[in-house]
Amino acid sequence: MSPRPEGASRRSVLASGAGVAIAGAAAGLTYAGRPSSAAAHQSSSGPASQPEPVPFRGEHQAGIVTPAQDRMHFVALDVVTTDPAELRLLLREWTRAAERMTYGAEATPGGVVGGGPHRPPTDTGEALDLPPSNLTVTIGYGPSLFDERFGLADRRPEALRELPGFTGDDLDPARTGGDLCIQACADDPQVAVHAIRNLIRIGFGVVSVRWSQLGFGRTSSTSTSQATPRNLFGFKDGTANIKAEDSAALTEHVWVDPADVPGDAAWMAGGSYLVARRIRMHIEVWDRTPLQEQEDIFGRDKAVGASLHLPADRRDENAPLDLTAKGVDGAPRIPLTSHVRLAHESQLDGIRILRRGYTFTDGSDGSGHLDAGLFFIAFVRDAHRQFVPMQQALAKSDKLNEYIEHTGSALFAVPPGLGDAEDWGVQLFGA
């Protein structure tokens, strides 16, 4: 790898061509040079070090088991063309642009100013002087994409079918479904927004935005190196989540097995299914709820996230739940209607999911309350065998339902990662 010139940002290194080896020669990336303003962000001790970019290509798409970043921009899109060739070309162009942006380059070579003063820039420019910030771009396809428009019906995986309705759902059609989705995650919100904005720009005339969601404050940890975060109710969220280091659990619960997708759907082997649910949290009501009731609803204590059956002097967030423990009154110490009990694998025939959600706040609802909550994202091997029975159990009995409502929903097939010479168009449509 070529040494980075002192005082140069990763974006400027890539832009000048010195960073091609970082991105990988197989990507065929070329960049137009431009000045860097990274020196303005350096300390007196020398250039600030930046982590290596998250690899774009590999066995699985980045943004699934990648250690969860701090920010997210998620968008669901509808395809407005009826020409399969246009969609295939767009997917190829998206592959190139997404790969460039994850390595810190402009969406197109010289995209900000290199096209001259008499034409619109082909990169919007708001991330020009920013590092990649662990950006990942993950694509998925909804059930509606596999209708008669593009000749993809025979390539639809059997598990890619619309989710059923659940008790208590209050879904807004404007926040539900979509032909395609793109999830951009980064540790800088501007980097994530830039990625989505430029992919939408490239897709003008081929796709249109159906709905989108900004997220901050991850609500799950996807690596053992990360501490468990808290949700807007103040509780640690996702303590028992599947972690990237647990390869056996990923194989069983997250990655699609070749046996799951025979025939023309074999392109999905090694992929996963993304479940997205926008969950409004009525935080003003929750804030007036006594602490003991809050803890009984979750089934964990608020201070450290430990199971309620543990004594105060031995509370450990990662200690196994004891669902048989009784209180002095003989009642289960972890209530029968508590969230952790109902979602525990022992109550669901071993079902587990990989969670990767984010907190959101979308202003007010016009009635003096915050429109805030959890943008729930889960990756699973089969949503209908994992997420659906879990959500049915929660929708039926979870005491937490008094404080939340599901207002948006979607399911997408997330294909596996790309090889050196592949793009998303070839992967979806076939060679």
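Here is a short chat about a predicted model of one protein chain.

Visitor: What am I looking at, and how many helices and strands are there?
Guide: The chain has 10 helices and 9 strands; helices (H or I, at least four residues) and strands (E, at least two) are DSSP runs, numbered from the N terminus. This is a predicted model, where local features need pLDDT of at least 70, side-chain atom pairs count only at pLDDT 80 or more, and totals for chains, interfaces and linings use all residues. Residues are numbered from 1 along each chain as its sequence is written, and side-chain values use heavy atoms, with hydrogens and water left out.

Visitor: OK, what share of the chain is buried?
Guide: Buried residues make up 52% of the 431 residues. Buried means under 20% relative accessible area, exposed means over 50%, and partly exposed is in between (1.4 Å probe, protein chains only).

Visitor: Let's pick a strand. Is S1 largely enclosed or open?
Guide: S1, residues 71-79, is largely enclosed by the rest of the structure, because 8 of its 9 residues are buried.

Visitor: And which strands does S1 pair with?
Guide: S1 pairs with S3 (residues 180-186) in the antiparallel sense over 7 bridges, and with S4 (residues 207-218), also antiparallel, over 9 bridges. Two strands pair if DSSP finds at least two bridges between them.

Visitor: Which residue does Ala76 stand opposite in S3?
Guide: Ala76 stands opposite Cys181 there. In S4, Asp78 has Ser208 as its bridge partner.

Visitor: New topic: what is the volume of the largest pocket?
Guide: The largest pocket has a volume of about 870 Å³. On a 1 Å grid over the protein atoms alone, a pocket is an open set of points with protein on both sides within 12 Å along at least five of seven lines, while a cavity is a set of points where a 1.4 Å probe fits but cannot get out; lining residues have an atom within 4 Å of a point. Grid points are joined across faces, edges and corners, and a volume is the space filled by probe spheres set on the points.

Visitor: Which lining residues are closest to the centre of that pocket?
Guide: Of the 39 residues lining the largest pocket, Asp237, Gly238, His339, Ala343 and Arg355 are the closest to its centre. The largest share of the lining, 4 residues, comes from helix H9.

Visitor: Which residues of H9 are buried?
Guide: They are Phe387, Val388, Met390, Gln391, Leu394 and Ala395. These residues cover an arc of only 160° around the axis, which puts them on the same side of H9; the arc is that of the directions from the helix axis to the C-beta atoms.

Visitor: Why would residues a few places apart point the same way?
Guide: An α-helix has 3.6 residues a turn, so residues three or four places apart point the same way.

Visitor: What covers the buried residues of H9?
Guide: The cover includes S5, H8, S8 and S9. S9 is largely enclosed by the rest of the structure, because 11 of its 11 residues are buried. S5 and S9 pair in the antiparallel sense over 10 bridges, and Val275 has Leu411 in S9 as its bridge partner.

Visitor: One last thing: where is Gly419?
Guide: Gly419 is in the loop between S9 and helix H10 (424-429). At 28% relative accessibility, Gly419 counts as partly exposed. The C-alpha atoms of Gly419 and Gly58 are separated by 6.3 Å, though these residues are 361 residues apart along the chain.

Technical notes. Contact means heavy atoms within 4.5 Å.
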